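Here is a friendly walk through a two-chain model. Keep the viewer open as you read, and follow along heading by heading.

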Amino acid sequence: MSNINHKTYAMNAITPMKSWKTWIVRAFFLILGAVKPLQKDLVQLSFIHFARWVIIKRSKFPHADSQQPEEKLKYDYLLFFSNFNGTWNQYIDAFSAVLSTGLNLIWHWSEKFPGSVPVTPFKQYIARCQFDTDYYYTAYPYATTNDVKAAHRVQDALDAFEKESARKTAEEFARSYRKFVLAVQCDLGQTGKAPVGT
Amino acid sequence: MANQSGDVYGLTILSPILQDLTAETSHNCAIRMKLASMPGDESSPFAKVSSTHMARLVVMDDVVYVGMPSCEEHLKSQYLVFETNFDGELDEYLTRMAREIPADVDALWQHCWGYPGTKDVAAFIAYMKKCQITTTFYFADVNNHTVQETLTALQTQAAVAEFIERNQGKAAAELQIAFAHFLEKLRKAPPPVPGRPEKGGPPRIETNMKWATRNAANTKQVTPNE
């Protein structure tokens, strides 16, 4: 089992939904995808590299061979996969505190979902629906989402500074350099091992 | 399409796992043993398929029962779940998997119903697509940069921090020359390696950034009795 690869945690969860309710969830996701401001909280949390929700209709579990027994299910299922920085507790706490309305709109339609507030029954529900990751790979194991975003800002600033500072006198260069340093100074955090306890 | 966010593709595959009651090692167990032996760093097969940002493989044993009054039900097969986030198009990615890491792919998916192997790339792609589930909603925080661009940016970030620290207080002319050398060195640096958990992130140009520890050492410790 390897839910964690250095600074990133791979979470999987599956929840049952009555078939007629999945259309409501689909409609919500359609709106969430189309209206970008609705994703503001998710973006501002800034510790999720990638996340996805996948609805599987009860009759649509892959059937790859004629001899494979066919699934006969009563429920559709909502799968959730997330790649986030920090601990499971930090993640669920932040979800509950910041995204409670959005989460309720998504999981309210799953069987026996208790709501994302208060957090204790919410955590119990997630723990029950979660299953462990057997193998996890990340291309940048020592970098958080914030590190990645900051690094791209530094790269962009450096590229711009390189162009701008070409053919300048030493004095002009030094002035531009100071502006460059001021621009990137907040984005120079160092990547490395995750803090102890995460 | 919800499988994509910007330039990043989110692939979700559920492959039904074979059942054989007479097998000495069950197929799901064989998959788990193989997964446990696979490295998660730069030696990972997914580091070879270098457009992979993040990937996971999971054996899903069953659906969950959340208690009364919902109904208890069970899957007839276990499923190998493959969740990956990569740059570019699906066909190209699956082709790379079949051509660049065939041994690992075959070792895992040979335990699944209907798996055709990687030798026939077209059949492999068709099989994977048959087992693909369309993502309903996909979120990628950074969706406009490739893996290589991100690794290069992380390398640049570390190098810039070190350059700024080393060149504080230098005269303008000296600073300009140092910066030109720095850029040249940065451009010639070897490309960062995906998946490498190296201190300071991806390989750095220079590795003597000690301001944090130096500052800590210079800070006088104040005890409550002082």
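What is the order of the five strands in the open sheet with E5(A) in it? The order runs E5(A)-E3(B)-E4(B)-E2(B)-E1(B), and the pairing is antiparallel. Strand E5 (135-138) of chain A and strand E1 (4-5) of chain B stand at the edges with a single partner strand each, so one side of each has no neighbour in the sheet. Strands here are DSSP runs (E, at least two residues), helices are DSSP runs of H or I with at least four residues, and both are numbered from the N terminus. Two strands pair if DSSP finds at least two bridges between them.

Look for A:Phe50, which stands opposite B:Ala140 in E5(B).

## How the model is described

This is a predicted model, in which local features need pLDDT of at least 70 and side-chain atom pairs count only at pLDDT 80 or more, while totals for chains, interfaces and linings use all residues. Residues are numbered from 1 along each chain as its sequence is written, and chains are lettered from A and ligands numbered from 1 in the order in which they are written.

## The contact and the domains

The contact takes 78 residues from chain A and 73 residues from chain B, where two residues are in contact if their C-beta atoms, placed from the backbone, lie within 7 Å. On the side of chain A that touches chain B, helix H6 (residues 145-165) of chain A gives the most, with 11 residues. That side divides into 44 nonpolar, 19 polar and 15 charged residues. Here Ala, Val, Leu, Ile, Met, Phe, Trp, Tyr, Cys and Pro count as nonpolar, Asp, Glu, Lys and Arg as charged, and the others, Gly among them, as polar.

Chain A is assigned domain 1 (4-129) and domain 2 (145-187), with bounds from an automatic or database domain assignment. The C-alpha centres of these two domains of chain A lie 40 Å apart.

## Backbone details worth a look

Most residues other than glycine have a negative phi, and most peptide bonds are trans. A:His6, in the loop between E1 and strand E2 (8-17) of chain A, has a positive phi of about 50° although it is not a glycine. A:His6 is buried (20 or more other C-beta atoms within 10 Å of its own, with C-beta atoms placed from the backbone), with 21 such atoms within 10 Å. A:Lys112 has a positive phi of about 60° and lies in the loop between H4 and H5 of chain A. With 16 C-beta neighbours inside 10 Å, A:Lys112 is partly exposed, a class between buried and exposed (12 or fewer).

The peptide bond from A:Val117 to A:Pro118 is cis, with omega near 0°.
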